[in-house]
Amino acid sequence: MTPLSDRELLDLFRQEGSRHYAFNLLVRQYQGRLYAFVRRMITDPDESKDVLQNVFLKAWNGLDRFREDAQLYSWLYRIAHNECISHLKRLRRGLFVSEDHVIERLTTTLDKSEHFTGDAIQAALQRAVMTLPDKQRAVFTMKYFQELKYEEISAITGTSVGALKSSYHIAVRKIEDHLTRDRTK
């Protein structure tokens, strides 16, 4: 089945009789990409599923107010981005632990993931990405792993393209430094 366009999904959603059907199609159409992003940010599979569920709950509650000044995917991605950042903040507050402990926890669940299988280089890259601050990790994940354009990331995060390029460049340098330190150990 060919995926419906955003316009077709929204038109279906706004008809009372097809509202649930349209939202079901929307979830099927976008859940894979959104889950991949959330999973890379949260790393724990159960927590990632909870965050993704919150994303779609917020989408369900807010879709009537969606102004269509952005693409539907960008709007969903923005919700996912905000939910990930909020979840990570709650995690830090709830654990009352250092940033290093949170990174260790994220990396441990990352190592157990079926989404991050790969060679040693890939695993080292993933561990290096986990050391980035949350917002910088989100930018790096969207650009490097999900291959989004800076303009798309800007629409999602509300950050200027110039600031995103700078953030990505700094993230790449931090990752290179982390990988270099790992090799010399």
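Leu52 is placed in helix H3, which spans residues 45–62; helices (H or I, at least four residues) and strands (E, at least two) are DSSP runs, numbered from the N terminus. The structure is a predicted model, in which local features need pLDDT of at least 70 and side-chain atom pairs count only at pLDDT 80 or more, whereas totals for chains, interfaces and linings use all residues. Residues are numbered from 1 along each chain as its sequence is written, and side-chain values use heavy atoms, with hydrogens and water left out.

Leu52 counts as buried because its relative accessibility is 10%; buried means under 20% relative accessible area, exposed over 50%, and partly exposed in between (1.4 Å probe, protein chains only). Leaving aside neighbours within four places in sequence, Leu52 is in contact with Gln31, Leu34 and Tyr35, where contact means heavy atoms within 4.5 Å. Between Leu52 and Val38, which are 14 residues apart in sequence, the C-alpha to C-alpha separation is 7.0 Å.

The protein as a whole comprises 9 helices and 0 strands, and from the N terminus on its elements run α-α-α-α-α-α-α-α-α. Of its 185 residues, 45% are buried. Among contacts between residues at least 6 apart in sequence, 63% join residues at least 24 apart. The protein exposes about 10,400 Å², of which carbon and sulfur atoms supply 51%; accessible areas come from the Shrake-Rupley method with a 1.4 Å probe, and for residues only the protein chains shown count as cover.

Helix packing can be considered next. Two packed helices are described by the angle between their axes and the distance between the axes. Helix H1 (residues 6–13) packs against helix H2 (residues 19–42) at an angle of about 150°, with the axes 7 Å apart. Here axes are lines fitted to C-alpha atoms, for helices over the stretch in contact, and angles run from 0 to 180 degrees between N-to-C directions. The angle makes H1 roughly antiparallel to H2; angles under 35 degrees count as roughly parallel, over 145 as roughly antiparallel, 65 to 115 as roughly perpendicular and the rest as oblique. On the H1 side the contact is made by Asp6, Leu9, Leu12 and Phe13, and on the H2 side by Arg19, Tyr21, Ala22, Phe23, Leu25, Leu26, Gln29 and Tyr30. By class, this contact of H1 with H2 has 9 nonpolar, 1 polar and 2 charged residues; Ala, Val, Leu, Ile, Met, Phe, Trp, Tyr, Cys and Pro count as nonpolar, Asp, Glu, Lys and Arg as charged, and the others, Gly among them, as polar.

Within H1, the residues Leu9, Leu10 and Phe13 are buried. Viewed down the axis of H1, its buried residues fall within an arc of 95°, so they line one face of the helix; the arc is that of the directions from the helix axis to the C-beta atoms.

Beyond H2, the loop between H2 and H3 holds Thr43. Thr43 has a positive phi of about 70° although it is not a glycine, and its relative accessible area of 0% makes it buried.

Another buried threonine is Thr141, with 1% relative accessibility, which lies in helix H7. The C-alpha atoms of Thr141 and Met41 are separated by 8.0 Å, although the two residues are 100 apart along the chain. Leaving aside neighbours within four places in sequence, the contacts of Thr141 are with Phe37, Arg40, Met41, Val129 and Gln146.

The loop between helix H7 (134–145) and H8 contains Glu147. Glu147 also has a positive phi, of about 55°, without being a glycine, and at 67% relative accessibility it counts as exposed.

Helix H8 (residues 150–157) and helix H9 (residues 161–184) have axes that come within 9 Å and cross at roughly 105°. H8 is therefore roughly perpendicular to H9. Tyr150, Glu151, Ile153, Ser154 and Thr157 in H8 meet Val161, Leu164, Lys165 and Tyr168 in H9, and these residues divide into 5 nonpolar, 2 polar and 2 charged. In H8, Tyr150, Ile153, Ser154, Ile156 and Thr157 are buried. Seen down the axis of H8, its buried residues fall within an arc of 165°, so they line one face of the helix. Just after H8, Gly158 takes a positive phi of about 75°.

Leaving aside neighbours within four places in sequence, Trp75 is in contact with Ala59, Gly62, Leu63 and Phe66.
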